[in-house]
Amino acid sequence: MQDKNFVESLRKGLEVLTCFDRRHTRLTLSEVARLTQSTPASARRSLSTLVQLGYLESDGKLFWMQPKSLLIAYSFLSSRPMPALAQPLLDALSERTRESASLGTLLEDDAIIIGRSTARRSLSTGLGIGSRLPVYCSAIGRMLLSGLPQHEARARLEMIERVALTPQTVTDLEELLGLLETCRQSGWSCSDGELELGVRSMAAPVRDPQGNTIAAMSIAVRAERLSMSEFKETFLMPLKRARNELEKKLYPPC
């Protein structure tokens, strides 16, 4: 039974606001209705309200985001300690390694980036804060999944659509479960050309004092620069040191 305090119209409005992304920068009414799985009438009311509030703009046919929508992301980033504490560490890691570093947490069936520092050697994935990555084939996603109880990790993998994004993407359930167990045992995860051909990434878990995985920190590199073994040898320890510093800042010793 739905909570009597649940505001259905607010849910619909937020779904409309979050259906815009890199692939959907300008949308028609019918496209918004399809993406949010709502009726055209419901989508029209939400769009009209968001335009009047200044979160969206429209030319009468297409709708697009306005800068005011950034206030929602800013509220999260400024009010939660983890992104603020992680950002200088991500910046330092990226500067030291000259590679891109990220911090992510679980959001439904994806990993969502809540901290990001981009090196001079930019990657074509175009990740930024708020980007979502599939949990089954990204290093951050696998690290986060491996921190869940095994039955919950299996249930999540069984429910999601595991698409082969590249010829190297692992989609088989049992093979993925084996990779998650390797992550648990080794304390780090990797993705080698599975999310994007030519890109290697690794991630380390950020844990609370009880040992629960609350986030994952990652670093990515172009495949032509380093083999996977060289990547691990060169960058795993700097990644873990940055992760350790974040845990100390989040949970300072008494």
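**View 1. With a relative accessibility of 31%, Met65 counts as partly exposed.** Met65 sits in strand S3, residues 62-65. Helices (H or I, at least four residues) and strands (E, at least two) are DSSP runs, numbered from the N terminus. Thr49 is 16 residues away from Met65 along the chain, and 13 Å separates their C-alpha atoms. What you are looking at is a predicted model, where local features need pLDDT of at least 70, side-chain atom pairs count only at pLDDT 80 or more, and totals for chains, interfaces and linings use all residues. Residues are numbered from 1 along each chain as its sequence is written, and side-chain values use heavy atoms, with hydrogens and water left out.

**View 2. Here are the two domains of the protein chain, domain 1 (8-70) and domain 2 (80-250).** Their bounds come from an automatic or database domain assignment.

**View 3. The largest pocket holds about 2200 Å³ of space.** On a 1 Å grid over the protein atoms alone, a pocket is an open set of points with protein on both sides within 12 Å along at least five of seven lines, while a cavity is a set of points where a 1.4 Å probe fits but cannot get out; lining residues have an atom within 4 Å of a point. Grid points are joined across faces, edges and corners, and a volume is the space filled by probe spheres set on the points. Count the lining of this pocket and you get 43 residues, with Thr18, Phe20, Asp21, Gly130 and Arg132 nearest the centre. H4 has the largest share, at five residues. By class, the lining splits into 24 nonpolar, nine polar and 10 charged residues. Here Ala, Val, Leu, Ile, Met, Phe, Trp, Tyr, Cys and Pro count as nonpolar, Asp, Glu, Lys and Arg as charged, and the others, Gly among them, as polar.

**View 4. Now for the second largest cavity, with about 40 Å³ of space.** The structure has two cavities of 30 Å³ or more. Around the second largest cavity you'll find Leu106, Glu108, Asp109, Val135, Leu145, Arg156, Leu157 and Ile160. Five of these lining residues are nonpolar and three are charged, with no polar ones.

**View 5. Helix H6 (residues 139-146) is mostly covered, with eight of its eight residues buried.** Going along H6, the buried residues are Ala139, Ile140, Gly141, Arg142, Met143, Leu144, Leu145 and Ser146.

**View 6. Helix H2 (29-36) has Leu29, Val32, Ala33 and Thr36 as its buried residues.** They're on the same side of H2, because they cover an arc of only 100° around the axis. That arc is the one made by the directions from the helix axis to the C-beta atoms. Look at the other side of H2 and you'll see Ser30 and Arg34, which are exposed.

**View 7. Helix H8 (residues 173-186) is 14 residues long and spans 20 Å from first C-alpha to last.** That's close to the expected 20 Å at 1.5 Å a residue, where the expected span is 1.5 Å times one less than the number of residues. The buried residues of H8 include Leu173, Leu176, Leu177, Leu180 and Cys183. These five sit on the same side of H8, because their arc around the axis is only 110°.

**View 8. Gln37 and Arg98 are up next, two loop residues.** Most residues other than glycine have a negative phi. Gln37, though, has a positive phi, near 55°, and Arg98 has one near 60°. Gln37 is in the loop between H2 and helix H3 (40-53), and is exposed at 77% relative accessible area. Arg98 is in the loop between helix H5 (81-97) and S4, and is partly exposed at 41%.

**View 9. Ala164 is found in the loop between helix H7 (150-159) and H8.** Its relative accessible area is 52%, so Ala164 is exposed. From Ala164 to Glu95 is 69 residues in sequence and 32 Å in space, C-alpha to C-alpha.

Key: Buried < 20%, exposed > 50% of the residue type's maximum accessible area, 1.4 Å probe, protein only.
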